[in-house]
Amino acid sequence: APDIPVIDQAYSKLSNSITVEWRPVPGATNYMLTAQDGDSFVETIVKNSPGTVTGLQAATLYRITVRSINSGGKSQPSPFRKVKTVLAAPILSAHSPSCDSIAVSWKAVPMAAGFSVSLMRSDGLGRMLKQNTTNTSLIFTNLDPGTLYTIKAYAWNANGMPGDDFTYNQRTSPNAPVDVKVAVSSGALRAVVSWMPTEGALTYSVTVSSGLLKLRCNTSSASCMVPSLQCGSEYYVSVTAYNDAGSSQPTDAVSLKTIPCAPVNISIEEDEPGHLLVSWSSVSFGHYYVVFVKSDDGLEVHCNTSNTQCHFQSDCGFTYFISVFAYNKAGQSPLGDVFNYTTAPCCPGDFRAVFTSSDTVRVTWAPVRGADLYETRAAGGSGLLLCRDTATACTLSALRCSTAYNITVYSFSEARGRNTSCAPQHVPTAPCSPEIKNTSKEGLSIISVQWQSNNEEATYVVTARGGAGLWYCTSTRNSCTLMDLPCGSAFSISAIARSPAGQSLPSYSVPLETAPCCPNDLILTQVTQSVTNVSWSVGMGAQTYVATLESPKGQAKCHTLQNYCLLGCITCGTNYTVSLRAISETGLTSSCTYQGYSSSACCPSGVKLYRLSNNGIRVFWRASDETINYNADLRGSKGNFSCTPSSGLSHCDITEIPCGDVYTVVVAPVTDKGPKLTFCPKKIYS
C-alpha cells in the first residue's frame, strides 16, 4: 500500500463542499477523501490534489482525512483537519411593486450573521447597487421601468465569512403607456386605442368601462381595437402595460363618446298640403341631425339641424323614403328604420262638366299621380250624389233642375286615403221645364201664352210649330205673345227656359188652332128672281161655312160644307149686306164681311104681244117700278131680236122679223153690268 498523504490545507468555498489540498504520494493512483460529521461521513475518490468532497451540509464542522490508493491497497488516513462548510446561499424571491422598484426577500439562513445583496442591470449598463442587511428582505428603488436586473445575494457568519451566493433575475414592471389616443371607427361601433410603446412591456390591456359594463382588449402591439361598443354611450378608456414582473399603473382615463344611436319616435305628417314635418326624439350625445328624404322618382334632399324636427316641401302623389341620422364628433349614427310616407294623391285637374241631358252631367278630369280611386261628390239642393270609380270620368244623373251644385272630385290612394284639399267646382244645372198654363187669343193673329215660372234669371222661348212654319216669342217673365200667326193653321206650342247653365227640356206641348181664314173671293149670282147662288173660294182651316144675306126686308142664310150655296126668299130689287162665317172643325169661327149685294129688279108682269104687221110685233108689260128700264128679247130659229123702250114706257116694238117662225119672248129689267137676266117668264109667240 502507498504512504499516508499529508494534508496541506482544507477549506470550504461552497456550503455543500470542502476542497482539500495535499502533497502527492509516490505510487498512489487515486486518493480517497473523507468528510466525517459525527457518525456520518462522505467519501469521494479523486485522481490527484486538490480534491473536493461534495454533498455536505452547510455551516457544518467536518473532520477531513485523505488516504492514498494503488493496486496494493489503501494507506492509513492522514491526520485530519477540521473544516467548517460555509453558509448556505439565501434563496431569493423578488417582485416589482412599482415600475421603478424591486422588492427582494429570502428565508433566514442558519448561522448567518448578515446578508449582502447586490443589483445590476442585466445588460451591464449603469452602476451596481449593493445593500447589507440583517433582515430577510429589502427594496431597491429608483430603478429603470421595464428593465431586467440581476440580483446576487449571500450570507456571512459571525466571522464575516461569506457563504454561497444566489443569483436571481428580476424585471421591473413597465411604466404606464403614454400618448393614449382613441379613434372611433366611422360607421361602426368599435374604437381603436393606440399609445406609445413603453419599455419592457410585453403585453397591454385596454379597459373600456361605462358604469358596470367593462370591455377589455389584450394585445402585444401598441394598438388595440375594442368592438361591440354601444351607441350613445360615454366610455372611459385606460391602458395598462404588463410584463413578467407585473403591470403598470393604468393610464389616466380618456373619455370616449361613441356615435349617437339612431333617432327613434320618428313621426311624419303633413302639417299642411305640400309641407312635410319630420320630427323625432333627441338622442344622447347627438350634436346635430341630418334628415334624408328621397322621393320615388330618385330626387333626394336633406336637412341639417340641431333641433328635433325638419320641414320639407312635398308634392302630392309621391312616396318619400325618410331616414334620420344623428351626428357627433365620433361620426354618424347607425342606420335606423327607413320610413316611407306617401302623400295624398293630387287633386284632379282639367275638370270638365258636360250635360248629356237636362238632369245628367258627365264629369271628366285628367288622371293624377298617386290616385287609385276617384270619388265625385255633387252637393246641391237637399241631397248629395256620390260616384266612385277608378276611371277618370263619372256620370251624375237625377240632378235637380235649376240648382247650383258644388261638384268635387276627390282622389284616393290606399296608402293615404282621400285628398281633402280638392276644391269644389260650381256647376249649375239647366233651368226647369216651364209648364204652360193658358193660351188666349188677343187678336186676329195674336196669341198670348202664359206659363208657370219656376226658375231664376231664365229667359223663356215659346215656339209655335205648325205646317205653316215656326213662330217664336221670348220673355223673362211668365208670359209672351205670339204675333202674326196665320189663320186656319194648327200649331203645337211649347216653351223652353234658357240660362247661362243651359237649356231646359221643352214643356209639354199645347195644341193651338187659329181661326179659319176668310175666303178671298165671294161671288153672288142671281139664279131666279128669288134665288141667289153664293160661291166663294176655299178658306184655309174652314170645314163649314154660314152665308148670310140680310136686308130690312128679311134674311137669307145657309150652312154648308161646300164652298157655295143657294139662298132663297130673295126679294127682287133689294140691297143686301153679305156676310160669311168660316167655321173650323173644332168650332173656331171667322166672321167675314164682303161688299153689299143688290138683287136684280123685279121681272115685269102682264107681258102681252101684239102683231103690228106681217113683220112686226109689240110687246106690252106691266112694270114693277117706273124707274126701271126693261129690255125685250125675241129669239127664234131664224134670228134673235130685241128692243128697249124709252125711259118710263112699258112697251116696245120689234120690226122686220121673219114670219113663219116660233119665238120666245122674255122681258127683263136692264142691268148695269153682268149678263142679262134669264129667269124672267117666257112667252111663246108663233
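Predicted model: local features only at pLDDT ≥ 70, side-chain atom pairs only at ≥ 80, totals over all residues.

User: Ok, aromatics. How many aromatic pairs are there?

Analyst: The structure holds 14. One of them is Trp471 with Phe491, an edge-to-face pair at 5.6 Å centre to centre and 85° between the planes.

User: Which strands do those two sit in?

Analyst: Trp471 is in strand E43 (residues 469-475) and Phe491 in strand E45 (residues 490-499), so the pair ties together parts 20 residues apart in sequence.

User: Is Phe491 buried or exposed?

Analyst: Phe491 is buried, at 5% relative accessible area.

User: Switching to charges. How many salt bridges does a search of the whole structure find?

Analyst: It finds 11 salt bridges. Among them is Arg388 with Glu375, at 2.7 Å from N to O. That pair links distant parts of the chain, with Arg388 in strand E35 (residues 383-389) and Glu375 in strand E34 (residues 373-380), 13 residues apart.

User: Why does Glu375 count as buried?

Analyst: Its relative accessible area is 1%, and buried means under 20%, so Glu375 qualifies. Arg388, on the other hand, is exposed at 55%.

User: Which residues are linked with them in a network?

Analyst: Arg377 and Arg418 join Glu375 and Arg388 in a network of salt bridges. Arg418 also has its charged end over the ring of Tyr410, 4.4 Å from the ring centre.

User: Nice. Where else does an Arg lie over the face of a ring?

Analyst: Arg63 lies over the face of Phe80, 3.8 Å from the ring centre.

User: What about Arg618, which partner does it meet in a salt bridge?

Analyst: Arg618 meets Asp653, at 2.6 Å from N to O. The two are 35 residues apart, Arg618 in strand E57 (residues 616-622) and Asp653 in strand E60 (residues 651-655).

User: Last one: which residues form a nonpolar patch on the surface?

Analyst: Phe321, Leu335 and Val338 do, with about 290 Å² of accessible area together. Leu335 lies in the loop between strand E30 (331-332) and strand E31 (339-342), and counts as exposed at 55% relative accessibility.

Technical notes. Residues numbered from 1 in each chain as written. Heavy atoms only, no water. Patch = residues over 30% accessible without salt bridge, like charges linked within 9 Å, V, L, I, M, F, W, Y side chains within 5 Å. Areas by Shrake-Rupley, 256 points an atom, 1.4 Å probe, with all protein chains shown as cover. Salt bridge = Lys/Arg side-chain N within 4 Å of Asp/Glu carboxyl O. Helix = DSSP H or I, 4+ residues; strand = E, 2+ residues; numbered from the N terminus. Buried < 20%, exposed > 50% of the residue type's maximum accessible area, 1.4 Å probe, protein only. Phe/Tyr/Trp six-rings, centres within 6.5 Å; stacked < 30°, edge-to-face > 60°. Lys NZ or Arg CZ within 6 Å of the ring centre and 35° of its normal.
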